[in-house]
Each structure stands twice: as structure tokens, then as C-alpha cells.
Amino acid sequence: MSRLEDRFYYFAKITLEAETPLMLASGKSGIFFDVELVRDANNLPAIPGTTIVGLLRHSISQKHPELVDSLFGQINDSRKRNISALECSWAYVHDSNNKYHKSFIPREQISKDSILKELAEFNNPNFVRDHVRLSDKGVAIHSGKFDRSFVPAGTRFTFTLGLWQKERNNLFEEILSEISKPTFRIGGAGRAGYGKTKVINILVPQNAGAYDIVDLENFRTEKLISFPIPVCLDFKSETISLRFPQGFRIGGGTHSFLENSHAADMLPYSEITIQWNSDHGQFTANNSRQVVIPGSSIKGALRHRAAFHLARIKQNWVCENQDAKSDGLEEIFGSVDNDRAIAGKVWFSDIYLKQNTPTYQQARNSIDRFTGGTRKGALFQEENVRVSKTLETTIYFDTSLDLTTDAYKAFSWALEDLKNGRLAIGGGSGHGLGFNKADR
């Protein structure tokens with residue numbers, strides 16, 4: 001198919017902001033981190049156009065499979081080969097003045113910008129999370145310890161999108177609505193909390209409709225204006241209220257929130273994020289870091305409890321050699337092995353607590369089971385988070401998820417356990433931490 005057959009052209013410039021970290025993996029292993037980020041010619045994180053188009057192709061294929069080949073091109077059938085009708089640029093990162101740069105930036109300019117300076121640093125310890133895969137016994141699976149480097153929450157990107165069509169239609173607006181969905185996760189591990197974005201702005205030519213090919217000269221010079229952000233409701237969601245009166249502990253942090261005290265051995269996990277005030281952005285100061293409850297912490301707890309409930313339903317009490325790959329919950333949570341990968345149909349999100357979240361330090365020790373005394377060298381301190389206000393998190397469901405299966409029934413029971421304080425989030429559940437007590 002020739003592009004000459006397409007008479008009308010749609011165009012938009014889109015700005016996105018990361019609500020949760022983006023894991024833009026390059027596929028390369030780093031010296032310090034397991035995965036390196038995709039970077040542009042300025043050594044700044046960037047989102048390849050192929051990533052965005054691939055996500056759109058997947059979304060459109062769920063709703064309009066008959067349009068996939070014509071929209072995104074295909075080469076399988078030699079008689080019907082065609083190029084993609086959709087054009088997408090790379091998404092480039094914004095600096096502290098809310099400007100994006102798709103051309104070369106001198107290193108001196110990058111080093112003077114508070115945002116670009118941090119993002120350009122390779123192996124930045126502020127932007128990495130440790131993860132571990134647990135077995136059915138609650139211990140780490142062999143080789144299951146890994147880390148993920150990421151682009152921090154608050155980072156903004158801008159890219160352009162164009163669409164060629166034979167006739168005027170509403171397809172371009174539908175494509176824009178897919179980008180605004182909360183399940184449109186950019187980068188890896190989107191179902192575990194990463195990659196959630198929000199649309200900040202959509203700019204289109206002053207003639208918001210399609211441009212006739214004879215008007216392209218006017219298109220090149222016409223002013224861009226704001227376009228209403230389309231709303232897509234093609235998903236199911238459930239919002240859960242969380243309140244931890246006894247506090248919670250999600251470790252792996254490097255920063256203490258307590259002044260004038262010796263740093264505890266176990267610190268709460270926290271991150272610095274980019275905050276925007278009008279057109280000026282800056283990282284939160286080191287003493288104003290935000291405590292984070294990663295979506296993976298909620299997902300992992302629910303999967304483990306759902307596996308227990310599924311065993312109850314099936315009356316399968318023999319759990320020897322059972323792991324997360326074979327617990328029967330692959331359709332809901334997904335799975336990855338050497339042969340294939342299955343994408344889950346449930347999306348979780350990180351929870352960012354407000355700055356200056358109160359914490360408290362608690363001393364603990366380990367008891368010798370034989371003598372009943374303290375084990376030598378086993379005295380330690382942990383810094384826990386105390387939350388007085390109710391938090392909320394939203395879980396999103398794929399509309400194709402079968403709600404009649406035993407696996408979904410087990411998952412719904414696990415959700416009820418979380419809502420009613422029978423399932424803990426994070427560590428320290430043995431002494432009361434992480435249990436939800438929110439009023440329903």
C-alpha cells in the first residue's frame with residue numbers, strides 16, 4: 001500500500017508525566033545494576049518510539065483487531081504488505097524549566113540543570129530498587145535476587161504522534177484516549193507498579209480536525225493549541241483503603257527520617273521525586289524524601305495469599321516443589337520462565353506518602369530457642385513508618401479477565417483478607433506491622 005492513497009493527516013504533541021517510576025530497560029546489563037536504562041544521544045533517559053507504538057498496537061488489537069495491519073503495517077503477506085499509518089517520535093525528557101530537548105545539549109548545560117544532572121548520571125544510587133522472588137515457603141528463590149534501575153516519578157517526556165488516513169474519522173482521538181488509560185504502562189514491570197503515567201498536555205494544530213494533503217503547507221506553519229485529554233473507561237478498577245495504626249515496614253531504604261538519633265539497621269524505603277510548580281521542576285530535597293509502598297509489595301502479598309486460597313478451593317494440600325510459576329494464577333498475575341512469558345491481567349500502583357512522614361525507631365533482638373536468652377550480636381533497630389491517615393490504592397483489571405474461574409475467586413478472597421486486616425503488607429507481620437485497619 002502506498003502512502004499516496006492516504007489523503008488526511010492527524011497530528012499531536014503529547015506531554016506525559018511519570019506517576020510511578022519507569023523501567024526503561026535497554027536490554028544491557030550494567031556494571032553495578034542488573035539492567036541499564038535506554039538513553040538518547042545526550043545520555044539522558046528516553047522512551048523509544050517503538051515502545052509507544054508497541055503499547056498502542058497491543059491496546060488497539062484488543063478492541064479493533066481488524067485495524068492492526070492497516071494501522072501498524074505488516075510484511076507477512078507479500079500481496080498485502082503496507083507501511084504503518086501511525087508515526088511516532090522518541091519521547092524526550094524535560095529539564096527543570098519544563099523544556100524538552102531532541103537535539104544535542106552541551107554537557108555544561110546538562111550539569112547546570114538540577115533535573116538533567118541527576119538523570120544523566122549513570123548508576124545513580126537514588127534510582128534503583130531491590131527485588132526478590134519468594135517461594136511458596138516465603139524464602140528467596142535461587143537466583144531470585146535482582147535490582148531494577150528506573151526513571152523517577154515526576155519525570156516528564158514529550159513526543160509527537162501522527163496518523164495518515166484515507167478519510168476523516170475518530171480513530172486518532174481513540175488512539176489518544178488509549179494513552180490516557182491508567183493501564184497504559186510504559187516500560188517493564190507495569191503490572192507491578194512501574195510505568196504509570198498521566199497526560200499533562202496534548203497540543204494539536206489550530207485546525208483540530210484532519211489536514212487534507214493539499215493543506216500541508218498551512219500545517220507546517222500553523223500554531224499548536226491545547227486539545228482536551230480524552231477519557232477512556234475501557235477498564236475495571238477497585239479502590240482499596242489502607243490504614244496502618246501499628247505502622248508498617250518496607251525495608252531497603254538508605255535514609256533515616258529521625259533527627260538526632262543513631263540510624264537504625266533497617267530503614268524505610270523512600271525515593272526522591274520531581275515536583276512541578278507551574279513550569280518549574282525540582283527534585284525533593286534529601287530530607288524531604290517520600291516513603292514508598294511499591295506496587296510489587298502489594299502484588300506479592302496478594303499472590304501468595306491467593307495461591308493459598310486456590311489450594312483450598314482445589315483441596316490441594318501438597319505444596320512440595322510448588323512455586324509462583326505453577327500456582328495456577330498465571331492468567332491474573334502473569335509469569336515468566338525460559339520458554340515463554342505470560343502478561344497478567346491485573347495492574348497495581350505504587351503508593352507515595354506525603355513528605356515528612358512520621359517514623360519511629362524500635363529496638364529488637366533475637367532469642368536463643370534453647371537458653372531463652374538473647375543471641376550474641378542479634379540486637380538491632382528498625383525504623384518503622386507510622387501512618388495516621390488513610391491511604392488509597394487502585395487495582396485495575398483487564399476487561400478480558402474471566403471472573404468465573406477458581407483463580408479469580410481465590411484472588412477476590414485475598415483482596416477481602418487485605419481489606420479486613422487479615423493480610424499484612426511488608427515485613428514485621430509477626431509483631432503486628434502492616435495489617436490494614438481501615439474502616440470500610
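1. Threonine 359 sits in strand β20 (residues 359–364); strands are DSSP runs of E, at least two residues, and helices runs of H or I, at least four, numbered from the N terminus. This is a predicted model, where local features need pLDDT of at least 70, side-chain atom pairs count only at pLDDT 80 or more, and totals for chains, interfaces and linings use all residues. Residues are numbered from 1 along each chain as its sequence is written, and side-chain values use heavy atoms, without hydrogens and water.

2. Threonine 359 is buried, at 11% relative accessibility (buried: under 20% relative accessible area, 1.4 Å probe, protein chains only). Its side chain makes a polar contact of 2.8 Å with the side chain of glutamate 383. Such a contact is a pair of N or O atoms within 3.5 Å; within protein, one must be able to donate a hydrogen and the other to accept it, and residues adjacent in sequence count only if both atoms are side-chain atoms.

3. Glutamate 382 belongs to strand β21 (residues 380–385). Glutamate 382 is buried, with a relative accessible area of 1%. A polar contact of 3.1 Å links its side chain to that of histidine 431. Beyond four places in sequence, glutamate 382 touches residues including Arg249, Tyr360 and Arg364 (contact: heavy atoms within 4.5 Å).

4. Helices α1 (residues 49–63) and α5 (residues 171–179) pack at about 115°, axes 10 Å apart. Axes are lines fitted to C-alpha atoms, for helices over the stretch in contact; angles run from 0 to 180 degrees between N-to-C directions. Leu56, Ser59, Ile60 and Lys63 of α1 meet Glu174, Ile175, Glu178 and Ile179 of α5.

Note on methods. Buried < 20%, exposed > 50% of the residue type's maximum accessible area, 1.4 Å probe, protein only.
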